[in-house]
Amino acid sequence: MRRKTKFQTQKRNNLINKEIKYKINSEIRSKVVRLVGKNIKPKVYPLKQALKIAKDLYLDLVEINPKVTPTICKAMNFSKFLYNLKKRKKKYKQNVILTKEIRLTSQTNIHDLSVKIEKAKKILTSNKKVKFSIFFKVRSIFYKYLGEKMLLKCIELLSNITKVEIQPRMEEKKMFIVLIPKVSHNSHKLNENKKK
């Protein structure tokens with residue numbers, strides 16, 4: 001296994017400390033630590049001995065919980081741990097797309113609807129989903145077809161910039177649709193901005 005130079009180790013430590021505040025190896029200040037890790041029997045060691053054990057296994061000694069006494073440290077490949085942590089964060093960020101809800105009624109007038117459509121366009125251009133919903137109160141539930149008609153009108157008015165993710169659906173006393181932005185619309189807008 002190739003050993004890292006002192007300069008490479010310092011450079012890696014600096015990159016790590018900018019993102020996550022973990023103390024590793026010589027940065028740990030506790031005199032006694034509880035050492036844990038793979039193939040290591042959990043036990044309390046003096047810091048120098050714990051560092052030696054980690055070094056012999058070609059691992060880093062990482063301070064996991066400094067608030068307890070003795071401090072808990074883990075022997076691990078810190079670069080690999082950091083890589084997996086970044087990978088998990090990146091995966092989580094990719095999957096999160098915000099959904100904004102716009103409420104309507106089955107009797108929303110044309111002017112109010114045009115204002116809500118403009119609001120939806122702004123939301124969609126910022127790459128977020130839009131959920132149009134209609135809540136039916138008391139007897140208005142008998143006129144579900146009016147609510148569906150209103151939601152289909154929203155789909156029609158936004159058809160040039162959106163795709164329908166969820167068609168008009170009824171859940172208890174609420175009918176809704178979910179619209180997502182078209183990819184081509186966003187890329188087209190970016191190209192227009194570049195030309196300007």
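**Confidence, cores and salt bridges in a predicted chain**

The chain has an average pLDDT of 79, and 80% of its residues score at least 70; pLDDT is the predictor's confidence in each residue, from 0 to 100. This is a predicted model, in which local features need pLDDT of at least 70, side-chain atom pairs count only at pLDDT 80 or more, and totals for chains, interfaces and linings use all residues. Residues are numbered from 1 along each chain as its sequence is written, and side-chain values use heavy atoms, with hydrogens and water left out.

Confidence is highest in strand β6 (residues 129–135), at a mean of 92, and lowest in helix α6 (residues 183–195), at 48. Helices (H or I, at least four residues) and strands (E, at least two) are DSSP runs, numbered from the N terminus. Over residues 184–192 pLDDT stays under 50, and the model has seven contacts beyond four places in sequence for them; a contact means heavy atoms within 4.5 Å. Where pLDDT is low, the predicted coordinates should not be read in detail.

In soluble globular proteins, nonpolar side chains tend to be buried together. The largest nonpolar core here has 20 residues, and those with the most contacts inside it are Leu104, Val130, Phe132, Leu151, Cys154, Leu158 and Ile177. Such a core is a set of buried Ala, Val, Leu, Ile, Met, Phe, Trp, Tyr and Cys residues joined through side-chain atoms within 4.5 Å. Buried means under 20% relative accessible area, exposed over 50%, and partly exposed in between (1.4 Å probe, protein chains only). Two or more residues of this core come from each of β5 (99–104), α4 (110–125), β6, α5 and β8 (174–181). Helix α4 gives the largest share, five residues. Beyond its neighbours within four places in sequence, Leu158 touches Ile117, Ala120, Lys121, Leu124, Phe132 and Leu179. Apart from this core lies another, of 11 residues, among them Leu35, Tyr45, Leu61 and Ala75.

Leu61 is also among the contacts of Ile28, which, leaving aside neighbours within four places in sequence, are Lys23, Val33, Leu47, Leu61, Val62, Glu63 and Cys73. Ile28 sits in the loop between α1 (6–19) and β1 (32–37), and is buried, at 3% relative accessible area. Its C-alpha atom is 9.1 Å from that of Pro66, which is 38 residues away along the chain.

Side chains of opposite charge can pair when their charged atoms come close. The structure holds five salt bridges, a salt bridge being a side-chain nitrogen of Lys or Arg within 4 Å of a carboxyl oxygen of Asp or Glu. In one of them, Glu165 meets Lys129 at 3.1 Å, N to O. This pair links distant parts of the chain, with Glu165 in strand β7 (residues 162–171) and Lys129 in strand β6, 36 residues apart. Glu165 is partly exposed at 40%, whereas Lys129 is buried at 18%. Asp56 and Lys52 also pair, at 3.2 Å, N to O. They are about one helical turn from each other because they lie four residues apart in helix α2 (residues 47–56). Lys52 is exposed, at 53% relative accessibility. Glu101 and Arg103 form a further salt bridge, at 4.0 Å, N to O; Glu101 is partly exposed at 33% and Arg103 exposed at 60%. Together with Lys174, Glu101 and Arg103 are linked in a network of salt bridges.
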